Amino acid sequence: ILVQDVLVIVIENVAIARLHDCCHKSPDMRIFLWACLACVDALNLNTGSGKSGSVTFGTLFTPGYDEIPLDIAVTHQLYGSFSNIQPLVNVMVIVNGNLAQVKDFPEHVSTSLIKLNLTRLSDHHFTSRFFVSGPSTISDFSAEEQHGHYTLAMLTFLDNCATTFCVWADVDMLLHRQAHGQGWVDRMVQMLNDVPGASFVSTRGIEEGQKNSRCGPADKIATLSHAFSSRLILFNKARLATSKVFPIKLDCGSKRCDTFENMVHRYGPEGLVVNCSPAGLWVLHPPLNLQAYSQKLLRCGSTRKGFMGLWHELEQLPDPDIDDLSGEEIFGKLKLC
């Protein structure tokens, strides 16, 4: 209550009832204050005291499949993306399912829910805005339903993002930054500003083996390349438009065109790669054994409590060795509750 009273004194035009809606308890006071202040900034923004956002943060959420509550998953990712409070952020959630089933969505930032329009999987007109000289629809590209839905979600996000920067993060990714260091988006925007010819910045990728998936090692910034990982990527929307890379002319005769990454990274825009560093920015993919991951979270009483414990422990970890930056290695060491 004391923290909330201080915030009320410092921040104008926010009703105490709405402030109580913002400031939920957290096992980590720093996380609590960050989420609480971000919420207040968003309330000011939504009541007209701010400006329209310069960053849109997008993700795909499938009710009944994605188990981590959407609000804490996105709040965690925003915390790992920015070093300071960022009120000028719009969150766009592409929902693969019934919108009414999305019970917990981020209320501390401006959030829009967009239902994934599955009829567009077979819509030649929609597909031709992004890809030509290949199969005529997304369904023709993607034999696996999951790949088709993901490609459609990415294109829907790019189609609807109207801000300078468009950030996409898979909803299950865990983003880490040092307490007083740059966030992922901070770093990516800086890289784009340094290289005018780049249209995007992405992570090096998550290297998947038979037993684990780990973060790519840190090294020098790569030169311009078509390669990227869609698990975490930031696009400069204006540069995409200026480069006129869409629609991309595909040649799928001898090469795979079954996923968004395979289609875009061979023929699409050029960008940069930022690598994981155990002493700064790193990203974790959950263990490939999702059932074991879910069961460990549930031991805390609920998935929500388990994830909050996970977030708290990740923030307290000493700098790990780069070889330990895999979901299996990290989660095996955590207690959560």
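**Figure 1. Helix 7 of the predicted model.** Helix 7 (residues 145-160) has 16 residues and reaches 22 Å from its first C-alpha to its last, close to the 22 Å expected at 1.5 Å a residue; the expected span is 1.5 Å times one less than the number of residues. Helices (H or I, at least four residues) and strands (E, at least two) are DSSP runs, numbered from the N terminus. Buried residues of helix 7 include Gly148, His149, Tyr150 and Phe157, where buried means under 20% relative accessible area (1.4 Å probe, protein chains only). This is a predicted model, in which local features need pLDDT of at least 70, side-chain atom pairs count only at pLDDT 80 or more, and totals for chains, interfaces and linings use all residues. Residues are numbered from 1 along each chain as its sequence is written, and side-chain values use heavy atoms, with hydrogens and water left out.

Figure 2. Seven strands make up an open sheet of mixed pairing, in the order 3-2-1-5-10-7-12; two strands pair if DSSP finds at least two bridges between them. Strand 3 (110-115) and strand 12 (272-274) are at the edges with a single partner strand each, so one side of each has no neighbour in the sheet. Strand 2 pairs with strand 3 in the parallel sense over six bridges, and Val91 has Thr111 of strand 3 as its bridge partner.

**Figure 3. Strand 1 and its partners.** Seven of the seven residues of strand 1 (residues 55-61) are buried, so this strand is largely enclosed by the rest of the structure. Val55, Phe57, Thr59 and Phe61 lie on one side, and Thr56, Gly58 and Leu60 on the other. Seven bridges join strand 1 to strand 2 (residues 89-95) in the parallel sense, with Phe61 opposite Val95. Strand 5 (residues 165-169) is parallel to strand 1 and joined to it by four bridges; here Phe57 stands opposite Val167.

**Figure 4. Helix 4 against helix 12.** Helix 4 packs with helix 12 (residues 303-316) at an angle of about 15°, their axes 10 Å apart. Helix 4 is therefore roughly parallel to helix 12, a term for angles under 35 degrees. Axes are lines fitted to C-alpha atoms, for helices over the stretch in contact, and angles run from 0 to 180 degrees between N-to-C directions.

**Figure 5. Ser81 in helix 4.** Ser81 belongs to helix 4 (residues 70-81) and counts as buried because its relative accessibility is 0%. Leaving aside neighbours within four places in sequence, Ser81 contacts residues including Phe57, Leu175 and Trp184.

Definitions and conventions: Buried means under 20% relative accessible area, exposed over 50%, partly exposed in between (1.4 Å probe, protein chains only). Contact means heavy atoms within 4.5 Å. Angles under 35 degrees count as roughly parallel, over 145 as roughly antiparallel, 65 to 115 as roughly perpendicular and the rest as oblique.
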